[in-house]
Amino acid sequence: MFKTFPKGGIHPPENKITADKSITVLPLPSTVTVPLNQHIGAPATPVVEKGSAVKTGQLIAEAKGFVSASIHSPVSGKVSKIEPVADSTGYKQMAIIIDVEGDEWIETTDRSATLVKEITMTREQIVERCRDCGLVGLGGATFPTHIKMTVPSGRKCDMLIINGVECEPYLTSDHRLMIEKGPEVLTGVTIIMKALGVTQAVIGIEANKPDAISTLDGLSKDFAGISVVALKVKYPQGGEKQLIKACTGREVPSGGLPLDVGVVVQNVGTAFAVYEAVQKNKPLIERVVTVTGKSVSRPGNFLVRIGTPVAKLIEAAGGMPDDTGKVVNGGPMMGKALAMTDVPVTKGTSGIILFPEPESRRDEIMPCIRCGKCSSACAMGLEPWLLSVLSEKAMFEKAETEKITDCMECGACAYTCPAKRPLLDYIRLGKTTVIKMVRERITK
Amino acid sequence: MNNILNVSPSPHQQSSETTRKLMFGVVIALLPALAASVYYFGTGAVIVTLTSVLACVATEFLIQKYLLKTKTSISDGSAIVTGLLLAFNVPSNLPLFIIVIGAVISIGVAKMTFGGLGNNPFNPALVGRVFLLISFPVQMTSWPVPSGFKTGYTDAVTGATPLGIISEGVKNGESISALMDKVPSHMQLFYGYMGGSMGEIAAAALILGGIFMIWRKIITWHIPVAVLASAALFTGILWLADPTKFADPLFHLLTGGMMLGAIFMATDYVTSPMTPKGMIIYGTGIGVITVLIRTWGAYPEGVSFAILIMNAFVPLLNMYIKPRRFGKEVRHG
Amino acid sequence: MSSTVLFTVIMLSLLGLLAAVILYVVAQKFKVVEDPRIDLVNEVLPGANCGGCGFTGCRAFSEVLVRSDSFEGLNCPVGGSEAMGKAAVILDRQPVAVEPKIAVLRCNGTPEHSQRTSNYDGAMNCRVAHALYGGTTACHYGCLGCGDCVTSCKFDAMYMDPVTQLPVIIDDKCVACGACVKACPRNIIELRKRNRKDRKIYISCVNKDKGGPARKACIVACIGCGKCLKVCPYDAITMADNLAFIDSFKCKLCRKCAAECPTGAILEINFPVKEEKPAGHAVTEVN
């Protein structure tokens with residue numbers, strides 16, 4: 001019997017088409033567009049000017065404020081523009097556009113493939129290195145890693161959980177990373193453990209990735225304190241709170257953080273990036289992206305430089321099929337639909353999914369029949385039908401008491417609704433309004 | 001790039017479950033019971049069912065098309081389910097015009113006045129049934145006696161239901177053991193050999209439908225089990241206290257509309273609570289009220305009234321019985 | 001038989017009497033003393049409870065009117081000066097003259113003017129669409145077309161035009177309560193001075209991008225060229241963030257600016273048809 005979280009959850013078709021496609025390196029594009037806000041928090045400030053020559057890995061924008069992350073040039077070449085560019089949402093935001101010339105790296109990065117297992121740095125040095133390399137959580141939330149690696153004084157952390165769940169259908173980038181870069185990932189985990197000062201780490205992996213489980217389980221014998229837990233396939237197991245519950249039985253309080261139960265959660269991809277940053281002094285300038293879809297001719301997992309246009313990735317996967325109706329940046333449950341494909345890959349891009357036309361449209365909305373399936377699917381114990389109505393009718397005070405802010409927007413409710421109601425659309429609207437309301441109340 | 005892409009908020013996938021599939025799932029689950037009543041009551045059952053379904057669908061169509069002038073929603077199958085359930089709740093020899101009146105009340109009054117599917121506080125089929133029971137007491141309580149398949153429609157021999165016999169008998173001071181000889185045996189009751197409304201008689205067929213619905217995840221076990229268990233418990237206590245005055249629990253479960261009510265009527269999505277805890281309270285309420293009406297009320301049968309009464313409590317149950325919130329009982333910090 | 005009837009009558013009478021006594025006692029005990037003028041003022045207000053005055057309904061507004069010393073800054077846009085005048089008589093205050101206003105849609109991004117680059121498939125709610133992305137065209141300032149304003153209008157003064165995919169304001173029905181202005185997440189709807197015969201001249205665009213991108217997104221966009229600014233004899237036009245704005249209270253409806261606009265972003269509505277139309281940019285207004 002595999003472990004899992006107790007309440008709610010759904011099991012959408014897995015569609016892991018690219019599970020056996022090894023990671024291939026995508027050729028460099030001719031230009032890259034690097035947005036200054038690829039993370040949660042304040043946008044970075046550029047430290048280069050129009051016309052500056054940059055090397056691969058060179059700092060081009062500095063973190064501004066505590067919650068922020070530095071950005072490094074993913075390519076070598078010349079900065080052609082620094083101007084607002086429409087990002088994946090269609091709204092404009094500042095970005096640095098670089099014309100690619102060759103691929104000349106900064107000298108400090110060790111580009112050899114040799115595994116460096118021995119950790120020489122102190123805790124403080126590790127955190128500093130992660131900040132300098134612009135590391136953010138690669139699971140999708142893109143929260144700056146260095147903040148999560150520092151345990152505030154007075155709080156205690158006794159366990160690290162590594163999220164290798166990848167519960168979103170279609171996506172396989174973490175899966176491939178675990179198989180192909182097992183020793184590096186585990187070294188990264190050991191580094192994070194050292195930074196946090198914990199002696200045990202658990203890697204949670206869903207049972208639909210038996211090869212990843214056996215690979216890491218075998219390798220973990222050589223690493224002290226790391227164990228692998230196989231989890232039942234259930235969405236949204238990759239949700240931080242659900243993963244902690246599944247692995248440890250601890251329950252993060254409503255409105256709280258994992259640290260409230262002595263746990264820090266990091267993604268597998270982040271662990272690998274930590275390894276590269278700390279042992280090889282390599283900034284976060286590339287990541288693994290799954291490009292997939294039912295009619296894509298050559299789906300695969302690609303190692304891509306940040307700033308590469310999504311269109312290039314789709315080209316590498318055999319081009320956009322004619323029947324494409326929707327392009328999603330991220331997983332099918334929580335990803336963002338793109339209005340156009342000339343937007344860049346950012347630190348948070350875990351996959352590009354191309355949906356054929358019939359699947360890309362939502363079904364006709366019917367009246368709510370109060371079946372309660374959304375409530376039973378909600379892993380947070382909320383009542384999506386109620387929250388959605390309250391948001392639609394602008395009854396935000398009531399929505400707040402019904403814990404709308406606990407919603408993690410996993411989309412299980414809208415997935416499961418037989419009447420095809422856009423539950424999450426309205427809940428998300430209500431949630432942002434309530435958060436704004438609460439913030440205003442505090443500042444008053 | 002010439003494709004114009006679709007953009008919507010997440011999630012970008014939806015399950016294959018639809019309202020229509022759920023409704024037709026219920027229809028399939030009702031088929032064994034329909035077959036049983038055709039077996040026992042003959043063509044009357046077919047005529048009543050067809051009339052009721054057609055009248056319900058037509059009423060919904062006409063109201064939406066000509067009165068509300070909105071898009072018609074008859075294809076969602078909910079009117080068919082209401083029609084079937086209404087037919088199941090009336091005797092198989094009921095004059096057709098009465099069925100049509102019942103259908104108009106069910107759909108027109110109990111469903112469309114409140115805003116159509118999803119907004120009705122009371123189970124439409126039951127509202128129709130109770131309306132008919134009060135308006136046409138004679139026709140609604142002349143139950144045909146099961147006589148095997150036959151083609152006659154209104155010429156059936158009528159008799160009382162087992163519950164009616166017991167209720168009448170107890171009132172006249174007869175003992176239960178004596179009365180038990182006048183009603184069919186428990187095994188006969190299980191297979192449906194008794195007088196009663198068209199679809200309520202065959203407990204075996206209804207249970208089969210219920211298992212199908214639980215298997216297909218159309219309903220959960222909570223409501224049927226709560227109704228049946230609470231009714232069994234309550235009648236069990238009464239029976240143990242005085243077996244000469246009260247019938248045994250199994251008799252109560254197998255007779256009247258208990259099975260039909262517990263499995264198909266009480267579990268109607270729109271008029272039942274949404275949390276498992278709420279469902280159990282709701283089901284228990286139905287079980288207890290049914291037994292109260294059967295034992296001490298003026299009517300020999302009380303499932304319809306019990307469900308309608310508990311329907312009224314559903315908004316309250318939905319408001320106060322909340323699912324367990326994740327991270328609620330844990331103290332902060 | 002007669003005793004049954006008699007008993008029933010007596011019992012019911014007693015019950016009725018008892019209930020009356022309880023009601024009377026409760027009514028006396030919990031009586032709320034209220035200024036009688038509140039009711040009088042409430043009666044002269046339209047009773048639409050639209051919230052256009054900024055308060056929660058007509059009753060709340062009446063209370064505010066009775067409490068306040070002057071009518072400065074208080075106005076019922078629906079009842080207008082007529083209702084406010086009556087209220088002023090009741091309360092013996094000085095009425096403050098307020099110009100009547102009308103809502104105006106500052107976007108002309110029809111499918112013909114602004115090419116659709118994506119297809120929105122989410123919940124039909126402007127706020128949801130606005131939070132999600134820039135919209136179905138390259139202009140991320142313009143109308144999203146989900147009709148939040150139409151839903152918010154309590155006076156049936158708006159409808160969605162299926163051809164232009166824009167909301168239409170029915171001049172005769174609009175009372176300028178401002179509900180649509182609040183409902184629009186993109187601040188496209190503006191309350192402007194209501195002129196004679198509902199004549200209107202306004203910049204029908206809110207795009208703050210520079211000329212090039214704005215024009216690329218929509219052929220009738222304001223490109224911020226400033227020609228209207230120069231030609232206006234009354235200083236009614238200002239320019240900020242590549243976007244011109246005509247102050248409806250300064251504008252004298254001379255129509256010089258509209259003739260000058262190179263993109264046709266300035267709309268003139270309800271004027272008698274001119275003999276010679278400025279060539280090249282005839283504006284079709286569906287109304």
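## Salt bridges

Over all chains, this predicted model has 40 salt bridges, counting a side-chain nitrogen of Lys or Arg within 4 Å of a carboxyl oxygen of Asp or Glu. Take A:Lys55 and A:Glu107, whose side chains pair up at 3.1 Å, N to O. The two are 52 residues apart: A:Lys55 sits in the loop between strands E4 and E5 of chain A, and A:Glu107 in the loop between strand E8 and helix H1. Helices (H or I, at least four residues) and strands (E, at least two) are DSSP runs, numbered from the N terminus.

A:Lys55 is partly exposed at 26% relative accessibility, while A:Glu107 is exposed at 63%. The cut-offs here are under 20% relative accessible area for buried, over 50% for exposed and partly exposed in between (1.4 Å probe, protein chains only).

Over in chain B, B:Glu60 and B:Lys111 meet at 2.7 Å, N to O. B:Glu60 is in helix H2 and B:Lys111 in helix H4, so the pair ties together parts 51 residues apart in sequence. Both of these residues are buried.

## Chain A overall

Chain A has 14 helices and 17 strands, and 61% of its 444 residues are buried. Its C-alpha atoms fill a box of roughly 65 × 50 × 50 Å along the principal axes.

## Ground rules

Residues are numbered from 1 along each chain as its sequence is written, with chains lettered from A and ligands numbered from 1 in the order in which they are written. Local features need pLDDT of at least 70 and side-chain atom pairs 80 or more, while totals for chains, interfaces and linings use all residues; side-chain values use heavy atoms, leaving out hydrogens and water.
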